[in-house]
Amino acid sequence: MDYSLLFYIIAALVVVLGAGFGLRTLQRRREQLPPAPTRPEISASTEPQESEPEPASQYETPESLPGRMQRLRSRLAGSGSFGRTVLAVLSRGDLSEADWEEIEDSLLTADLGLEVSTELMDKLRTQLKVLDSRDPATAKQVLRQQLLELVGPDMDRSLNLEPTQGTNGEPAPAVILMVGVNGTGKTTTCGKLARVLVAQDKQVLMGAADTFRAAAAEQLTTWGQRVGVEVVRSDKEGADPASVAFDAIKQGQTSGVDVVLVDTAGRLQNKAGLMDELGKIKRVMEKIAPVGEILLVLDATTGQNGMRQAQVFSEAVGVSGIVLTKLDGTAKGGIVVTVQRELGVPVKLVGLGEGPDDLAPFDPEGFVDALLA
């Protein structure tokens with residue numbers, strides 16, 4: 001037997017077994033060691049690293065007042081075409097009685113009413129006779145001046161948003177009560193007004209005191225959620241609306257908001273019981289804080305019927321301002337003059353579309369210029 005060959009075989013086995021044992025020992029030692037610290041990545045730039053951007057707000061940002069006023073002013077050009085009709089007749093030069101009758105018909109059709117139309121006719125006749133001019137530009141200037149006087153550029157159209165003092169002696173928010181008949185878009189207007197106030201950096205709270213229409217509270221809540229405005233409502237359909245209004249102002253005072261908007265149920269102006277209830281809502285609200293604004297929402301397309309509505313609401317709760325909705329191509333612009341003349345209160349806001357920001361403060365000069373555009 002060749003012992004030298006056997007020796008080499010045994011030596012080779014020892015080397016292989018020893019290497020395997022060493023590898024297993026090294027692996028166990030590595031597993032017992034703590035993990036190596038992660039090496040931070042080094043930016044190629046020496047500038048400090050910017051933090052991650054904050055997530056975008058979940059709320060919508062309402063359009064600013066200057067922006068919406070400019071946009072709505074252009075839309076006003078489609079309302080009340082009577083201005084352009086009257087201007088076309090005045091530009092003919094020597095006007096016959098038939099021409100003046102045509103002007104009068106246009107004014108009456110525009111819901112200016114007989115008294116206002118007669119007054120405007122007399123002033124136009126006098127002014128044009130004094131000027132003795134057939135220039136269309138002069139006729140336009142005279143008509144613009146007379147219409148502007150009728151619309152009332154000097155009326156205070158600002159909303160009373162000053163904080164008040166509650167009956168408990170503590171500071172209280174400004175309070176706005178929204179009233180109107182069925183179908184004028186009152187709840188929608190309340191939601192849009194909340195957006196106007198949010199655009200002015202006001203903290204707003206709304207009260208859903210329309211407890212007779214099941215969808216009203218949901219509708220108002222949806223409007224509020226879009227811009228981060230809380231809504232006080234009752235879970236019980238048919239609950240006392242005065243109680244909801246009371247709770248809204250109380251919570252508004254506790255939370256320190258700037259303005260509380262209270263929506264009420266639409267009601268028919270010839271229903272004495274409903275109108276009395278509206279008066280009760282106001283009285284209960286004033287047990288917490290004074291009501292600074294009572295805004296009557298009117299559909300501009302209702303014309304003289306809207307006037308009768310306005311008069312009844314004014315007698316019931318004392319209206320401080322008018323919100324005209326649907327003042328677009330279907331409306332007769334004369335309602336602006338008539339409602340202000342009859343009630344002695346200004347049109348403060350106008351709505352001219354279905355968009356969430358299609359509500360803006362009323363601009364007398366913009367309105368008249370749009371009629372004559």
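**Close-up views of a predicted model**

**Figure 1. The aromatic pair.** A search of the whole structure, which is a predicted model, finds one aromatic pair. Its members are Phe-362 and Phe-367, whose ring centres lie 5.4 Å apart with the planes at 55°, so the pair is classed as tilted. Both Phe-362 and Phe-367 are buried. Phe-367 is also listed among the buried residues of helix α13, the subject of the next view.

**Figure 2. Helix α13 and its surroundings.** Helix α13 spans residues 364–371. Six of the eight residues of α13 are buried, so the helix is largely enclosed by the rest of the structure. The buried residues are Pro-364, Gly-366, Phe-367, Val-368, Ala-370 and Leu-371. Among the elements that cover them are α2 (65–76), α3 (82–90), α6 and α12 (334–343).

**Figure 3. Gly-366 within helix α13.** Gly-366 belongs to helix α13. Its relative accessibility is 5%, and Gly-366 therefore counts as buried, the limit being under 20%. With neighbours within four places in sequence left aside, the contacts of Gly-366 are with Arg-73 and Leu-76. The C-alpha atom of Gly-366 is separated by 9.4 Å from that of Leu-72, although the two residues are 294 apart along the chain.

**Figure 4. The salt bridge between Glu-365 and Arg-144.** The closest N and O atoms of Glu-365 and Arg-144 are 3.6 Å apart, and the two residues form a salt bridge. Glu-365 lies in helix α13 and Arg-144 in helix α6 (residues 136–151), so the pair ties together parts that are 221 residues apart in sequence. Glu-365 has a relative accessible area of 42% and is partly exposed, whereas Gly-366 is buried.

**Figure 5. The salt bridge between Glu-97 and Arg-125.** Side chains of opposite charge can pair when their charged atoms come close. In this view the side chains of Glu-97 and Arg-125 meet in a salt bridge, at 3.2 Å from N to O. The pair links distant parts of the chain, with Glu-97 in helix α4 (residues 97–109) and Arg-125 in helix α5 (residues 114–131), 28 residues apart. Arg-125 is partly exposed, its relative accessible area being 31%.

**Figure 6. The salt bridge between Arg-233 and Glu-218.** A salt bridge joins the side chains of Arg-233 and Glu-218, with a distance of 3.0 Å from N to O. Arg-233 is placed in the loop between β5 (230–232) and α9 (241–255), and Glu-218 in helix α8 (residues 214–227), so the pair ties together parts that are 15 residues apart in sequence. Both partners are partly exposed: Arg-233 has a relative accessible area of 31%, and Glu-218 has one of 44%.

**Figure 7. The polar surroundings of Thr-187.** Thr-187 is found in helix α7 (residues 186–199). Its relative accessible area is 4%, and Thr-187 is therefore buried, the limit being under 20%. The side chain of Thr-187 makes a polar contact of 2.7 Å with the side chain of Asp-263. A polar contact of 3.1 Å joins it to the side chain of Arg-213. Beyond its neighbours within four places in sequence, Thr-187 is in contact with Asp-210, Arg-213, Ala-216, Gln-219, Leu-220 and Asp-263.

Figure 8. An unreviewed UniProt entry places the feature "domain: SRP54-type proteins GTP-binding" at residues 346–359. Over this segment the chain is 0% helix and 43% strand. The C-alpha atoms at the ends of the segment are 16 Å apart.

**Figure 9. The chain as a whole, for orientation.** The secondary structure comes to 13 helices and 10 strands. The chain has 373 residues, of which 43% count as buried. Among contacts between residues at least 6 apart in sequence, 76% join residues at least 24 apart.

Terms used
Residues numbered from 1 in each chain as written. Predicted model: local features only at pLDDT ≥ 70, side-chain atom pairs only at ≥ 80, totals over all residues. Heavy atoms only, no water. Helix = DSSP H or I, 4+ residues; strand = E, 2+ residues; numbered from the N terminus. Buried < 20%, exposed > 50% of the residue type's maximum accessible area, 1.4 Å probe, protein only. Polar contact = N/O pair within 3.5 Å; in protein donor to acceptor, adjacent residues only side chain to side chain. Contact = heavy atoms within 4.5 Å. Salt bridge = Lys/Arg side-chain N within 4 Å of Asp/Glu carboxyl O. UniProt positions renumbered as here; feature names shortened; annotations may be inferred. Phe/Tyr/Trp six-rings, centres within 6.5 Å; stacked < 30°, edge-to-face > 60°.
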